[in-house]
Amino acid sequence: MSSSNVSSELSSPSRIINNLFVSTPKEYAFKLYKFDKCFTKGGCTPKPRSGHRIVCDEDNLYSYGGYNPKITVQNMGSDSDWQISRPLFKELWRLNLVTHEWEKLKCKNIPNVLASNAVALSGKILMVFGGTGFPFGVDCNRDLFLCNLSDRNCLEFTRVITKGELPTSGYGQAIFVDGQNFYTVGGTTGFEYSADIHCLNLKTRTWDQVYICNGKPNEPAARYRHELGFHNARLYVLGGGTAQEVFGFDEIPCFDLRSRCWDVARTKPDEVHGFPLARRCHSCVQVADHSGQTAIFILGGYDSELVMADMWRLELSSLQWCKLADRLPQGVYFHSSAVTPQGKIYTFGGINMYRTSTQRSADVHCVWVKIPKLKEICWEALQHYCPNLYQHPISLLLDSGIPQEFLKRLS
């Protein structure tokens, strides 16, 4: 064989890929509704926390805020932010979903209210609303803060200056963003609870009092730490509670944005397991499949006695509940979950039940809840067999035939 042929053979895509493979005891298999633990790494990783919120895009998970009263000053070393904000975390973290490396982002003007906020991601704009400082309820918020995550030079939170009928300051609200409309439902001041609905027009920056509860029929009970679903111009209020009670899922309060009226959606039970147990402090994501059908997934939660580890799916078109077979490794509440555009749910942190006691966690788990495109499955398989892709030059990976759209996720 000539030297030119040898060079060509050594630089062929198949040869490059073969050189990147590592020995692994298990063959890759795509798993739907099966939880995996993400073994995260990095020179600095987040401390265990609860009351934080996360969002995901196709590349990264972002975690905002949180609370842990059991971490001492000595645990945090020279972290000057912690000295000021403890027991709250005045932090914004990013987890790369390919390399599983954490990075604490440098960010200006992070708000001081850092527990039980409502958080959403619109494109690359992180939206943070409400929340409380510590002691809970003493310092609450009703402002919307924005942070452009694509600005790599200087991340900074800015407060949106609004007008109109502003909602009451509070925490534990649920939000939903529909185009230029930002809806917030319920929450608590720490002393009083609400089920009121307000809408901020993000273009005009004007608040509208969509509905103020005053005891009319079909109005839901006031609550906090509930979640929202959205389908066919209707908001569905899922669970939540107060300090004394929790709310269930057989009859779900729903609000028609066209008629501006409350109604009750009577759901259908799982044929074997019935309805989810009433709970608050659970997490929830909404996912649309390839046919356009929309489903809600709820994970974990708490009913003042039981810490739950289950996962349920609610099809919003049929209002049919299904209890999924796999469970989170431990019961958890005050955690947070988010879903990638590809249909993979990530959960982070929260309060876990271990035997007879509880403790806060910094664990990350993930679970596929819809079958993604074949190229996504191939990418996941490649990561399984070549877990150290990020350690190789991008030029080498491009020469191996890996598409640029996936390689950009390594950065």
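I looked up the lining of the largest cavity and found Leu328, Pro329, Gln330, Val332, His335, Thr347, Gly349, Asn352, Ser361, Asp363 and His365. A cavity here is a set of points, on a 1 Å grid over the protein atoms alone, where a 1.4 Å probe fits but cannot get out, and lining residues have an atom within 4 Å of a point. Strand 26 (344-354) and strand 27 (357-368) are the elements that give two or more residues to this lining. Strands are DSSP runs of E with at least two residues, numbered from the N terminus.

I noted that the model is predicted, that local features need pLDDT of at least 70 and side-chain atom pairs pLDDT 80 or more, and that totals for chains, interfaces and linings use all residues. Residues are numbered from 1 along each chain as its sequence is written, and side-chain values use heavy atoms, with hydrogens and water left out.

How many cavities of 30 Å³ or more does the whole structure hold? I recorded one. The space in the largest cavity is about 100 Å³, a volume being the space filled by probe spheres set on the grid points, which are joined across faces, edges and corners. By class, I listed three nonpolar, seven polar and one charged residues in the lining. Ala, Val, Leu, Ile, Met, Phe, Trp, Tyr, Cys and Pro count as nonpolar, Asp, Glu, Lys and Arg as charged, and the others, Gly among them, as polar.

I turned next to an open sheet of four strands, with the order 2-3-4-5 and antiparallel pairing. Two strands pair if DSSP finds at least two bridges between them. Strand 2 (53-56) and strand 5 (102-104) are the edge strands, each pairing on one side only. Strand 2 joins strand 3 (residues 60-64) through four bridges in the antiparallel sense, and Cys56 stands opposite Leu61 in strand 3.

I then traced an open sheet of five strands in the order 6-10-9-8-7, where the pairing is mixed. Its edge strands are strand 6 and strand 7. Strand 9 (residues 144-148) and strand 10 (residues 155-159) are antiparallel and share three bridges; Cys147 has Phe157 in strand 10 as its bridge partner.

Finally, I located Asn117 in the loop between strand 6 (107-108) and strand 7 (118-122). Is Asn117 buried or exposed? Asn117 counts as buried because its relative accessibility is 1%, where buried means under 20% relative accessible area (1.4 Å probe, protein chains only). Leaving out residues up to four places away in sequence, I found Asn117 touching Gly51, Arg53, Tyr64, Val128, Phe129, Gly130 and Gly131; contact means heavy atoms within 4.5 Å.

Terms used: Buried < 20%, exposed > 50% of the residue type's maximum accessible area, 1.4 Å probe, protein only. 1 Å grid on protein atoms, 1.4 Å probe; cavity = no way out; pocket = protein on both sides within 12 Å on 5 of 7 lines; lining within 4 Å.
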